[in-house]
Amino acid sequence: MDLTLDNITHRYGDMTVLEDVSLRIPAGGILCIVGPSGCGKSTLLRLLGGLEQPDQGQVLQSGTPPEGCLNPLTFVFQDFALLPWRTVEGNITLVLEDHGIGRARAAAIVDDVLARTKLSDFKRALPRQLSGGMKQRVAIARALAVNPAVLLLDEPLSALDAQTRELLMDDLIDLWQRAAFTGVYVTHNLAEAVRLGHRIAVLSRRPGRIREVFEVDIPLAERRIGDPRLEALQSQLWTLMKDEAMAADQELLDV
Amino acid sequence: MSDPSQPVPYRGGGFRPSARRGIGVLVFVILLLVAEWGTRAGWISNLTLPRPSDVAATLVELWQSGLFWTHLAPSLTRLVVGSALGISTGIAVGVMIGLFSYVRAGLIPLVAALFPIPKIALLPLFVIWFGIDEGSKYALIALGTFTPTVVSTYGAVDNVDRTLVRMGQSFGLRWTSIVRKIVLPGALPGILSGMRVSIAIGIILLVAAEMLGAEYGIGAYILQAGSLYDLERLFAGVVVLSALGVLTSWAIGLIERRLLRWRS
């Protein structure tokens with residue numbers, strides 16, 4: 001399923017956060033969206049997932065979602081958004097319960113996604129017993145359970161420490177290798193963008209506009225930490241963003 | 001300085017009260033012993049405070065005469081029926097206020113107006129509306145427990161993490177599922193701690209409710225003793241109410257430990 005952003009402009013009150021953003025998100029690849037803080041990256045993602053309505057322009061979906069897809073546009077949130085009163089298993093069945101899925105099939109789906117995210121031993125654990133990385137794995141498993149057409153990842157690794165982030169990045173690459181998914185990955189971390197993105201869209205500071213879209217044609221599996229091609233790309237991205245990041249940093253928040 | 005290396009002085013710690021078993025009981029026992037000693041030694045006159053041992057004797061006597069249950073049973077019924085009515089409608093209204101803008105706009109001022117009214121003042125009115133029998137007593141306790149329950153419930157619903165609600169929406173959960181599986185469990189801690197307050201208020205109002213048209217009941221027993229200045233019986237009744245308060249608070253603690261095991 002393809003997504004298209006068509007001349008999106010969005011405001012919060014008098015403040016324009018996104019201005020005339022047009023972007024095509026074809027199926028099968030991961031698009032990373034990077035930009036200085038407050039540039040409307042997360043807003044863009046919420047617009048894509050239908051959690052917010054654009055003031056102007058529209059978000060279009062074309063093509064049919066895959067077979068057995070319960071929720072075409074599925075989020076993975078920065079703060080995991082797990083229900084603390086449900087176990088790992090319960091958090092995953094939560095998103096299956098409204099779809100009239102039989103108990104046996106639901107159990108099979110849960111077992112499958114837990115196995116894919118290496119969580120099978122933690123089925124009955126409560127979120128408070130899990131580390132941050134584990135919690136995000138549960139959230140990813142929950143997202144996979146509905147067999148989404150597009151995964152919308154909103155800074156999924158930003159709440160984690162650097163080592164956990166590396167591990168989860170490898171896991172995401174693994175998941176993509178085994179079953180290529182369409183992903184929109186919002187991050188402020190350029191290293192994550194060059195590791196995971198097939199394309200990288202750079203947003204300008206507020207009001208956010210698309211400045212440039214980079215194509216990265218190194219296969220995900222071949223991208224290693226310290227790869228000179230990735231480092232070159234990362235520094236290229238950083239020079240593009242540096243001045244704006246500095247300006248964004250010095251901006252008053254409530255103007 | 002003679003010794004160049006000294007241990008760094010410890011200045012952390014404190015500000016973290018932890019459970020200490022038996023201290024609560026100890027405080028009770030010490031207070032009772034002081035009162036016993038004072039009344040026996042004479043530096044507390046028996047008009048000021050009854051002797052604890054006499055109060056205990058009165059309680060034993062009350063128990064042996066069989067009148068204990070005669071008084072407690074109607075009081076408990078009034079408390080249970082009244083607060084069940086008040087708390088259940090309070091939770092329902094509180095959840096509605098938490099969920100719907102119009103209900104919120106319409107009812108919050110009303111609840112704010114009802115809350116500070118001393119419900120005891122309305123007792124004569126309730127007698128006219130609901131009759132001098134049990135009706136007026138249920139109504140008084142129900143209204144008294146209703147307002148604090150509403151306030152704590154909508155506060156609890158407001159405090160449910162909105163990112164969890166957004167998550168529910170992003171997975172296409174039905175509205176009823178979001179309320180039942182995300183909003184209500186999320187509000188439960190706040191609702192339960194509100195219930196502690198509500199039930200305590202219910203016990204306070206029990207005495208008020210038994211001011212008019214009650215022959216039996218702990219409240220009636222206390223009021224009767226008070227008008228005769230029979231301090232032993234008055235305190236015996238008060239002890240029963242206190243015990244009731246401790247018991248309900250303990251019961252809610254038990255429910256909390258069962259239902260809120262997911263909290264750290």
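**View 1. Confidence of the predicted model, for the complex and for chain B.** For the complex, the predictor gives an ipTM of 0.88 together with a pTM of 0.85. The mean pLDDT of chain B is 92, and 99% of the residues of chain B reach 70 or more. Within chain B, confidence is lowest in helix H5 (residues 123-130), where the mean is 91, and highest in helix H3 of chain B, where it is 95.

**View 2. The open sheet of three strands in chain A.** The strands of this sheet follow the order S2-S1-S4, and their pairing is antiparallel. Strand S2 (15-25) and strand S4 (56-62) of chain A stand at the edges with a single partner strand each, so one side of each is left without a neighbour in the sheet. From one strand to the next, the twist averages 15°. Strand S1 (residues 2-12) of chain A pairs with S4(A) in the antiparallel sense, and this pairing runs over six bridges. To find one of these places in the structure, look for A:Thr9, whose bridge partner in S4(A) is A:Gln56.

**View 3. The open sheet of six strands in chain A, with two helices packed on it.** Here the strand order is S5-S6-S7-S3-S8-S9, and the pairing is mixed. Strand S5 (73-76) and strand S9 (210-215) of chain A are the edge strands, each of them pairing on one side only. The twist from one strand to the next averages 20° in this sheet. S5(A) and strand S6 (residues 150-154) of chain A pair in the parallel sense over four bridges, and A:Thr74 stands opposite A:Leu151 in S6(A). Helix H1 (residues 41-48) of chain A packs on the sheet, where it touches strand S3 (30-34), S5, S6, strand S7 (182-186) and strand S8 (199-203) of chain A, and the direction of H1 makes about 150° with that of S7(A). Helix H7 (residues 228-249) of chain A also packs on the sheet, touching S3, S8 and S9 of chain A, and its direction makes about 15° with that of S8(A).

**View 4. The hairpin formed by strands S8 and S9 of chain A.** Between S8(A) and S9(A) in this hairpin there are six residues. The two strands run antiparallel and are joined by five bridges. A residue pair to look for is A:Val202 with A:Glu212, its bridge partner in S9(A).

**View 5. The crossing of helices H3 and H4 in chain B.** The axes of helix H3 (residues 67-99) and helix H4 (residues 101-114) of chain B come within 6 Å, and they cross at roughly 125°. At that angle H3(B) is oblique to H4(B), and H3(B) passes H4(B) in a left-handed crossing. H3(B) brings B:Val93, B:Met96 and B:Ile97 to the contact, while H4(B) brings B:Val103, B:Arg104, B:Leu107 and B:Ile108. By class, the residues of this contact are six nonpolar, no polar and one charged.

**View 6. Where chain B touches chain A, and how helices H7 and H8 of chain B pack.** In the contact between the chains, 16 residues of chain B meet 18 residues of chain A. On the side of chain B, helix H7 (162-170) and helix H8 (175-209) are the elements that give two or more residues, and H7(B) provides the largest share, six residues. This side of chain B divides into seven nonpolar, six polar and three charged residues. H7(B) and H8(B) pack at an angle of about 170° with their axes 10 Å apart, which means that H7(B) is roughly antiparallel to H8(B). In their contact, B:Leu164, B:Val165, B:Gly168 and B:Gln169 of H7(B) meet B:Ile178, B:Ile182 and B:Gly186 of H8(B). These contact residues divide into four nonpolar, three polar and no charged.

**View 7. The crossing of helices H8 and H9 in chain B.** The axes of H8(B) and helix H9 (residues 218-227) of chain B come within 7 Å and cross at roughly 60°, and the two helices are therefore oblique to each other. H8(B) passes H9(B) in a right-handed crossing. B:Leu206, B:Val207 and B:Ala209 in H8(B) meet B:Ile218, B:Gly219, B:Ile222 and B:Leu223 in H9(B), and by class this contact has six nonpolar, one polar and no charged residues.

Methods
Residues are numbered from 1 along each chain as its sequence is written. Chains are lettered from A and ligands numbered from 1 in the order in which they are written. This is a predicted model: local features need pLDDT of at least 70, side-chain atom pairs count only at pLDDT 80 or more; totals for chains, interfaces and linings use all residues. Axes are lines fitted to C-alpha atoms, for helices over the stretch in contact, and angles run from 0 to 180 degrees between N-to-C directions. Angles under 35 degrees count as roughly parallel, over 145 as roughly antiparallel, 65 to 115 as roughly perpendicular and the rest as oblique. A crossing is left-handed if the near helix is turned anticlockwise from the far one by less than a right angle, and right-handed if clockwise. Two residues are in contact if their C-beta atoms, placed from the backbone, lie within 7 Å. Ala, Val, Leu, Ile, Met, Phe, Trp, Tyr, Cys and Pro count as nonpolar, Asp, Glu, Lys and Arg as charged, and the others, Gly among them, as polar. pLDDT is the predictor's confidence in each residue, from 0 to 100. Two strands pair if DSSP finds at least two bridges between them.
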